[in-house]
Amino acid sequence: MSKSGKILKVAKSLIGKQPAKKKADKYHFDLYKRYPITLVKGKGCKVWDDERNEYIDALAGIAVNSLGHCHPRIVNAIQKQSGKLMHISNFYYNEPQSDLAEKLVKVSGLDRVFFCNSGAEAVEGAIKLARKYSSNNGKTGKIISMGNSFHGRTLGTIAMGKDKYQNGFAPMPSGFDRVEFNNVKALEDRVNDQTVAIVMEPIQGEGGIVPVSKEFLQKARDLADKYDFPLILDEVQTGIARTGKMFAYQNYGITPDIVASAKALGSGFPIGAVLAKEKTAKAFDYGNHGTTYGGNPLACAAALETLTVIEEDGICEKARVRGDYMMQRLRDLSENWDAIQEVRGVGLMIGVELNFPGAEVVVEMMKRGVLSNCASDVVIRLVPPLVISKEEIDKVIDVLVESIKEVEKKQ
């Protein structure tokens, strides 16, 4: 089929009869501005809709499917564990959870792990741990987060993030303050001996793929040491090999006190984790925190196999090499093209900042068989599976260029 024929076929599918769409529109909370396609199958870096149209998934479930869709070893691990034991209470030990805790400690350089079900839960757990630690040490100040940040959708996490996510949900929980990201002086001026914690994303995802500067992160580490409070890194999106290291902070030569992890940890199976240094973790007493589903054997089996595959297949290095290639190609294209203002990122977490809103570009890319999304209004976010091939990267870039040009014609 010719390229124009495929685009026409996809366009027709967008207005076709879709049972899943009709049911969701009728029965589901109207919270998502969904694109009008129904995905039914995935393998590797590709997905297919109910009209048999094929797409390269350069969004990967928002940096979740880092080993691609339905990786055979992950599928096998889930199938095998589901036939043995799926859920028990955390009143009892289970082997997958203990094995995963040991593995995460080894790859992170931290000492303790608490398991939950999502990124927002992981950040909430990190906040509670930081407050308990600081309370034990007589501190009554605030948790300092970054402007333009995003940490989840709970009340606690939106209290630390962008204003737009707070609209309509006042009053916000107290005890939070924000400073400008990467502004060293602003951070120094705000921190004091009563500060409870500093929390940040090593790379702001929803904020437009903005990496932390080495100077800023080092200053945060120094201030946390000086005043004895936890430095929290939200690695929900950046973690688990996406930046060329298992965790993004490993690119900077510092170790945080608390780390929140989720997304890619389970290769699509829901799981979150709070990792911490022993000194910080000891602040929690029995009953201070807990969960029903967190750390269940099924989720832990999926995550354990995910980490094993990443190590055995050298996925961190592949993410670094493929990310360097993708960013270099994009930067070469942008040199004499005003439509692209900047290309930034680390590993395969890449943002292409346009000089106009990017929502229409995302739609044009979808019509041409590539899935992506727009962050911070003008940034095309590219977070494909880390197993993406060079040929698939070239296709993503070609489609991105075609789509930008198509939207430019309408400006």
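Helix α5 (residues 95–108) buries Pro96, Gln97, Leu100, Leu104, Val107 and Ser108, where buried means under 20% relative accessible area and exposed over 50%, with a 1.4 Å probe and protein chains only. These residues cover an arc of only 100° around the axis, taken from the directions to the C-beta atoms, and therefore sit on the same side of α5. The face turned away from that buried side carries the exposed residues Glu95 and Lys106. The model is predicted: local features need pLDDT of at least 70 and side-chain atom pairs pLDDT 80 or more, while totals for chains, interfaces and linings use all residues. Residues are numbered from 1 along each chain, and side-chain values use heavy atoms, without hydrogens or water.

Cover for the buried residues of α5 includes α4 (72–82), β4 (112–116), β12 (272–276) and α11 (297–312); helices (H or I, at least four residues) and strands (E, at least two) are DSSP runs numbered from the N terminus. At the N-terminal end, Asn94 caps α5 through a side-chain oxygen 2.9 Å from the backbone nitrogen of Gln97. At the other end, Gly109 follows α5 with a positive phi, near 80°.

Notes: Contact means heavy atoms within 4.5 Å. A polar contact is a pair of N or O atoms within 3.5 Å; within protein, one must be able to donate a hydrogen and the other to accept it, and residues adjacent in sequence count only if both atoms are side-chain atoms.
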